[in-house]
Amino acid sequence: MKKIVVVRHGKSSWKHGVGDRFRPLKPVGITNTIKVCRNFKNMSDISLKSVFSSPAKRALDTCDIFVNNFFVEEQISVKIIEDLYDFEGDKLTEFIKNLANDLDVVFIFGHNHAINHFVNFYGNEYIENVPTSGLVVLEFNIKNWSDLASGYLKLKLFPKALK
């Protein structure tokens, strides 16, 4: 069994006059990410061992919020992956298919349309839009990541649906 936890970055700001890679999170993006993270922590037994993030500031900041608010007792090494700065989904899928097979659970922090495309192509439930700060867990009955095939949506957490 393999599991992927994909998290779309929190709501980001356009008002700082910086390039796309450098846009920071808005306060609401921080708040919503903390909300999703805390709810996930309370309802999941998934332990964190492998974390991968897009190099974009908004994705890294979202990842940092999870690492600092959810996995505070563990020493986590976040790997920044250039190919996760992907908006179409092909690089994301290729990255996952090339993961080391000793990794059974991975967390990926990235962007839409890539995340939406991935969860709809490989999940068994259609999601119209994974919103900012949205989290989706997919489970796959495979031993090797290169054999990635249709899996099962195990959980989705979207900020608007949470208290």
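**Reading charge pairs and burial**

Modeller: Aspartate 61 and lysine 57 are separated by about one helical turn, because they stand 4 residues apart in helix H2 (residues 57-69). The two form a salt bridge in which the closest N and O atoms are 3.0 Å apart. Please bear in mind that this is a predicted model.

Biologist: What is the general idea behind such a pair?

Modeller: Side chains of opposite charge can pair when their charged atoms come close. In this case aspartate 61 counts as partly exposed, because its relative accessibility is 21%. Lysine 57 is also partly exposed, with a relative accessible area of 35%.

Biologist: How many salt bridges does a search of the whole structure find?

Modeller: The search finds 8. One of the pairs joins the side chains of glutamate 125 and lysine 156, at 3.0 Å from N to O. Glutamate 125 lies in the loop between H4 and E5 and lysine 156 in strand E6 (residues 152-157), so this pair ties together parts that are 31 residues apart in sequence.

Biologist: Which residues are linked with Glu139 in a network of salt bridges?

Modeller: Lys3 and Lys154 are linked with Glu139 in that network. Between lysine 154 and glutamate 139, the closest N and O atoms are 3.9 Å apart. Lysine 154 belongs to strand E6 and glutamate 139 to strand E5, so the pair ties together parts that are 15 residues apart in sequence.

Biologist: Is glutamate 139 buried or exposed?

Modeller: The reading rests on a cut-off: buried means under 20% relative accessible area. Glutamate 139 has 13% relative accessibility and therefore counts as buried. Lysine 154, by contrast, counts as partly exposed at 48%.

Biologist: Where is threonine 33 placed, and what does it contact?

Modeller: Threonine 33 is placed in helix H1, and it counts as buried because its relative accessibility is 1%. Beyond its neighbours within four places in sequence, threonine 33 is in contact with Gly10, Thr62, Ile65, Phe66 and Ser133.

Biologist: Which residues form a negative surface patch?

Modeller: The patch is formed by Asp83, Glu88, Asp90 and Glu94. Among them, glutamate 88 lies in the loop between strand E3 (78-80) and helix H3 (90-97). Glutamate 88 counts as exposed, because its relative accessibility is 55%.

Notes:
Residues numbered from 1 in each chain as written. Predicted model: local features only at pLDDT ≥ 70, side-chain atom pairs only at ≥ 80, totals over all residues. Heavy atoms only, no water. Patch = residues over 30% accessible without salt bridge, like charges linked within 9 Å, V, L, I, M, F, W, Y side chains within 5 Å. Areas by Shrake-Rupley, 256 points an atom, 1.4 Å probe, with all protein chains shown as cover. Salt bridge = Lys/Arg side-chain N within 4 Å of Asp/Glu carboxyl O. Lys, Arg positive; Asp, Glu negative; His and termini not counted. Charge placed at Lys NZ, Arg CZ, Asp CG, Glu CD. Helix = DSSP H or I, 4+ residues; strand = E, 2+ residues; numbered from the N terminus. Buried < 20%, exposed > 50% of the residue type's maximum accessible area, 1.4 Å probe, protein only. Contact = heavy atoms within 4.5 Å.
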